[in-house]
Each structure stands twice: as C-alpha cells, then as structure tokens.
Amino acid sequence: MSEDATQIVAAMTAKARAAARIVARASDAKKADALLAAAKALRAAAPTILNANAVDMEAGAANGLSAAMLDRLKLDDSRIEGITSAVEQVAHLADPVGQVIDRSERPNGLVMERVRVPVGVLAIIYESRPNVTADAAALGLRSGNAVILRGGSEAVHSNRAIHAAMVEGIVKAGLPADAVQLVPTQDRAAVGALLKAQGQIDMVIPRGGKSLVARVQDEARVPVLAHLDGICHTYIHAKADPAMAEAIAVNAKMRRTGICGSTETLLIDQDYPEPARLIGALLDAGCEVRADDMLMELDARTVPAEEADWGTEYLDAVVSAKMVSGVDEAIEHIARYGSQHTESIITNDDTAAADFLSGVDSAIVMHNASTQYADGGEFGLGAEIGIATGRLHARGPVALEGLTTYKWLVHGSGQTRP
C-alpha cells in the first residue's frame, strides 16, 4: 500500500472524527441552513461544474467508457438543477437525530428511551455519478455524520467542483469544512486504507459497479452497507391491463438503462393475452430482447436467451424475457436469479398482487409501478446514498434514517440494583 495514500487517509479520518463530534451536536436549524447554503453555492457554481464535467466526458469517451457509463457521468443544466433540488429537499426533511424511537418505564421506575444518533464517520466510495458527491454530503451532514468521499477517476473534475461548492456553503453556515472531505488522490491504495481504518471510520458505503462493491466487501475491516447487483424483474401477470403493462415495461427498461433500478428481466405469464404486443413494444423502443423459446416464436427480432442472461445486470438497452406459468414460478425465478433489489408485478388481480408482494424477498417490491421508481428521491427521502439489499441495519433506499443508529438513554431517580 502506498505510504502517501495511507498517510492521507489517516489525516483525513482524524479530521473527520473531530468534525463528527461537532456535527453530531449541531442543531436541526444549523444543519438545514448549511445545506441550503450549499445548494445556493451549487447553483452559482453551475458553469464551473459543467466545464469540469466536459473535461471528464471528453476523457471518458477517449478511454472507451460505455454509453451507459457516459450517461451516468454526464451533467447538464437540468441534472445540476436536480442535484441542487435534492440537496434542498434533504435540508427540509425532519432531522432524525434525537428522535425517540420508543420509551418505556420499568417496574422499578427506570425510564428507558432509544434515541437516534449519527453513525459517526462515513466513507462513501463510488464511481461515475457526480451527483453522489452532493447526495452523500447532504445526507451525511443532515444525519449528523462526517463524510469522506472517494469518487471514481472518470468523474474526478466534476466531483472536485461539486465538493468545493458544497463545502463553501457548509462553512458559511458555521460548520467545519472537514465534515465533508473528498479524497484528493486517485491512488487505489487510498481505497484500501479507507477499508482498513478500524476505529476511525464507522461505516463504508460502496456505490458503483460489481467489481468495486465486491472489493469493498472482500477487503473491508469496517462495517459495509451495500448492494452488489441490481437484477430487477417486472412480472406481467395474466390479469394485467395490456396498455399499462406495455407502458410500464418500456419505462422500467428504457427510461434510463444504466441505473440499478432498471428492469433486467421481464417475466410474462403464459395466460397474459398480448405477449407479442409487449415484446414488440420493447423492440420498437430500441431494446434487444433475449427471449426463451416460447417468446422467440412471437417476434423474429428476438434473440435466444442463454442461462447466464437470467443473472445478468445489463445496464444497457438489453432485457431477458421468459414466459412463466404463474405467480409461484415468477417468485421462484426471482429467488433463484435475482439480487434482492427491486421487483414489480403488473396486475389487476389483488390476490395475485398480495401473493407476489409477500412472497418476493427483495428490498423493494412493487405493484403496478415501474422499477425505475427505486430511488430515494421518489420515496420522499430527498435523496439516497444507495439501495441496500442486505438484512441488517437498513434495506431499500438508504437516506437519513439509514445513516443513524441509536443509543439507550436511561433516566433514574436514585435506583440501585439489589
């Protein structure tokens, strides 16, 4: 490991630990004001951020980034406004810190309270998407944490410009600049140093491709909050409305193919009345359909699916499609090949919907809605740090509550234990 990278991370974590103590005790109003000031600074810095992003986009194209990766990287006026609005939304959310989760009184008169507190120092390791810089900073600060950001090299200039604007606003509001730090080196050894910073970093959150998340999970010596794949399914039940099914299927796959909530496998009930129309709509929208034998017979433009397709996250205009015999087979297929991210059933049959919602073991399960809604902003959370698919601490879109833990407060009146 590079000695310089190790020293850089050690210095950053020490400063973050000191800043975390300040932010943890900051008032609701102070944290909100800091984010509103950061949003104002982001708007003012939009030309600078766009210029920085243009440098990253040019380098990305030259380095052969895929169309999906370039789409994740690209910023324009609309996306910067979306980033800024998300920061403002987080500022206006209720502060989770200090929230009493539950309260009870024991027979001996002791009053027990569980109260939300910040996790402490968070390390966010991410790729491609510059918006994560602002989202992570906003969510981390609002929940009373200090944040260390390590973005990918493909977005280095964009991340630096966004970070500078965020820090400008945070400092103007009277909170420490060290509350949100950006690792200044792209040396991969810095990632290793972050993952091994036991006692200095309280939680690591990777947000990126499979190889990044796998590395974090393999090497981390601190707790990790993550999901590995976004192999999302849309199941078209026999009693789905064909117009609704078509609209949702095309949106779930094609709205933005490079996000983790994009549908990667389409399951169609054998009794659904218009499967050819559904497959044709996806093909007409420019999507490659890798189909099983039954669905291939419906449209000559399909290509045969292989076994590997059922477990592939394409992040592109490609979908695998399979015909199933009913809700039970759909659930079984998702259990075998899915990543416990997001699944949706399209049906007007409430019983089938209830069976699917209870039977699918994923972080997000939907009824008559596009999987593209798997997003913290759409859940009313302001923004998200990612989608957690594990079973401990947090699941689904991780926002303010997912970045807190709790402690017990015990109030007595002189009790001694016999």
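The buried residues of helix α7 (residues 156–172) are V156, S158, N159, A161, I162, H163, A165, M166, V167, G169 and I170, where buried denotes under 20% relative accessible area, exposed over 50% and partly exposed the range in between, with a 1.4 Å probe and protein chains only. Helices (H or I, at least four residues) and strands (E, at least two) are DSSP runs, numbered from the N terminus. The model is a predicted one, in which local features need pLDDT of at least 70 and side-chain atom pairs count only at pLDDT 80 or more, while totals for chains, interfaces and linings use all residues. Residues are numbered from 1 along each chain as its sequence is written, and side-chain values use heavy atoms, with hydrogens and water left out.

Helix α7 has 17 residues and reaches 24 Å from its first C-alpha to its last, close to the 24 Å expected at 1.5 Å a residue; the expected span is 1.5 Å times one less than the number of residues. G174, which follows α7, has a positive phi, near 95 degrees. When neighbours within four places in sequence are left aside, S158 is in contact (heavy atoms within 4.5 Å) with A52, N53, D56, L75 and P130.

A34 counts as buried at 0% relative accessibility. Apart from neighbours within four places in sequence, A34 is in contact with L141, G169, I170, A173 and L175. A34 and H333 are 299 residues apart in sequence, and their C-alpha atoms are 47 Å apart in space.

Two packed helices are described by the angle between their axes and the distance between the axes. Helix α2 (residues 28–44) packs against helix α3 (residues 46–62) at an angle of about 65 degrees, with the axes 4 Å apart. Axes are lines fitted to C-alpha atoms, for helices over the stretch in contact, and angles run from 0 to 180 degrees between N-to-C directions. L42, R43 and A44 of α2 and A46, P47 and I49 of α3 make the contact. By class, this contact has five nonpolar, no polar and one charged residues; Ala, Val, Leu, Ile, Met, Phe, Trp, Tyr, Cys and Pro count as nonpolar, Asp, Glu, Lys and Arg as charged, and the others, Gly among them, as polar.

For helix α10 (residues 242–254), the 13 residues should span 18 Å at 1.5 Å a residue, and the end C-alpha atoms are 18 Å apart, in agreement. The buried residues of α10 are P242, A245, I248, A249, A252 and K253. Viewed down the axis of α10, these buried residues fall within an arc of 135 degrees, so they line one face of the helix; the arc is that of the directions from the helix axis to the C-beta atoms. Their cover includes β7 (232–236), β8 (263–269), α11 (275–284), β11 (318–324) and β12 (342–346). At the N-terminal end, α10 is capped by D241, a side-chain oxygen of which lies 3.2 Å from the backbone nitrogen of A243.

In α11, seven of the 10 residues are buried, so this helix is largely enclosed by the rest of the structure. The residues concerned are P275, L278, I279, G280, A281, L282 and L283. Elements covering them include β7, α10, β8, β9 (288–291), α12 (293–296) and β11. G286 follows α11 and has a positive phi, near 95 degrees.

Strand β7 contains H233, which is buried, with a relative accessible area of 0%. The H233 side chain reaches the backbone oxygen of I231 at 3.4 Å and makes a polar contact with the side chain of E343 at 2.9 Å. Beyond its neighbours within four places in sequence, H233 is in contact with T263, T265, L267, H333, I334, G338, T342, E343, S344 and T371. I345, in strand β12, likewise counts as buried, at 0% relative accessibility. The C-alpha atoms of I345 and Y235 are separated by 4.7 Å, although the two residues are 110 residues apart along the chain. Not counting residues up to four places away in sequence, I345 touches Y235, H237, A352, A353, F356, M366, H367 and N368.

Conventions. A polar contact is a pair of N or O atoms within 3.5 Å; within protein, one must be able to donate a hydrogen and the other to accept it, and residues adjacent in sequence count only if both atoms are side-chain atoms.
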